[in-house]
Amino acid sequence: EKQLRGLGVSSCAACDGYLFRGKNCAVIGGGDAAMEEALFLVRICASVTVIHRRGKFRAEHLLQQRVLQHSSVKVLWHSEVLEFRSDNANVAGLPLAGLLLRDVRTGATTSLQVQAAFVAIGHDPNTQMFRGQLQMDSTGYLETTRHTGQSTYTSIGGVFAAGDVADPSYRQAVTYAGSG
């Protein structure tokens, strides 16, 4: 996966989806983020395959229904990615060509040819170093307060939080690039 980051493997459909217009893509995951990625990509890509290791999604019911009812989305239940493959594993810099999948019930493996794979299996903010020092919500995001129109102030004066450590909605550093 790491060798193919930026070469077809991504964690942000809004950021990288347009690079794969008209291509076959996969979304890995079964939560809200995966459903949102899949629904975004169906407007751009030739096909979208959602790969999920369980037999049902954990996403919000409405998002599940929208994905399951969409004619351009295929779901592979009880499946996990064993390998992200390029055309020649011995040559660095080649783009993603497909995925090696394993059925978690039977152990059987199959290949799926895709040019893009969007990993949407959750996000933990990198805030553990601040535990006990700054206020956090129950999921580990730093809490910020609204003070004089700004939203980067934390529970300690002079300490500010921005981007993916304080934003559970978009989970991207770039969302706070202009926050100062």
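User: Taking a salt bridge to be a side-chain nitrogen of Lys or Arg within 4 Å of a carboxyl oxygen of Asp or Glu, how many salt bridges does a search of the whole structure find?

Analyst: The search of the whole structure finds 3 salt bridges. This is a predicted model, in which local features need pLDDT of at least 70 and side-chain atom pairs count only at pLDDT 80 or more, while totals for chains, interfaces and linings use all residues. Residues are numbered from 1 along each chain as its sequence is written, and side-chain values use heavy atoms, with hydrogens and water left out.

User: Which side chain does Arg102 meet in a salt bridge?

Analyst: Arg102 pairs with Glu80, at 2.5 Å from N to O. Because Arg102 lies in strand β6 (residues 96–103) and Glu80 in strand β5, the pair ties together parts that are 22 residues apart in sequence; helices (H or I, at least four residues) and strands (E, at least two) are DSSP runs, numbered from the N terminus.

User: Which side chain does Arg105 meet?

Analyst: Arg105 meets Asp103 in a salt bridge of 3.2 Å, N to O. In this pair Arg105 counts as exposed at 56% relative accessibility, whereas Asp103 counts as buried at 16%.

User: Switching to cysteines, how many disulfides does the structure hold?

Analyst: The structure holds 1 disulfide, a disulfide being a pair of cysteine sulfur atoms within 2.5 Å. Cys12 and Cys15 are joined by a disulfide, with an S to S distance of 2.2 Å, and the link is right-handed, with 65 degrees about the S-S bond. Cys12 is buried at 11% relative accessibility, while Cys15 is partly exposed at 46%.

User: On to pockets: how much space lies in the second largest pocket?

Analyst: The second largest pocket holds about 420 Å³. On a 1 Å grid over the protein atoms alone, a pocket is an open set of points where a 1.4 Å probe fits, with protein on both sides within 12 Å along at least five of seven lines, and lining residues have an atom within 4 Å of a point. Grid points are joined across faces, edges and corners, and the volume is the space filled by probe spheres set on the points.

User: Which residues are closest to its centre?

Analyst: Of the 22 residues that line the second largest pocket, Gly29, Gly30, Arg53, Ala120 and Ile121 are the closest to its centre. The elements that give two or more residues to this lining are α2 (32–41) and β5 (79–86), and β5 gives the most, with 4 residues.

User: How do the residues of the lining divide?

Analyst: The lining of the second largest pocket has 9 nonpolar, 6 polar and 7 charged residues, where Ala, Val, Leu, Ile, Met, Phe, Trp, Tyr, Cys and Pro count as nonpolar, Asp, Glu, Lys and Arg as charged, and the others, Gly among them, as polar.

Terms used
Buried means under 20% relative accessible area, exposed over 50%, partly exposed in between (1.4 Å probe, protein chains only).
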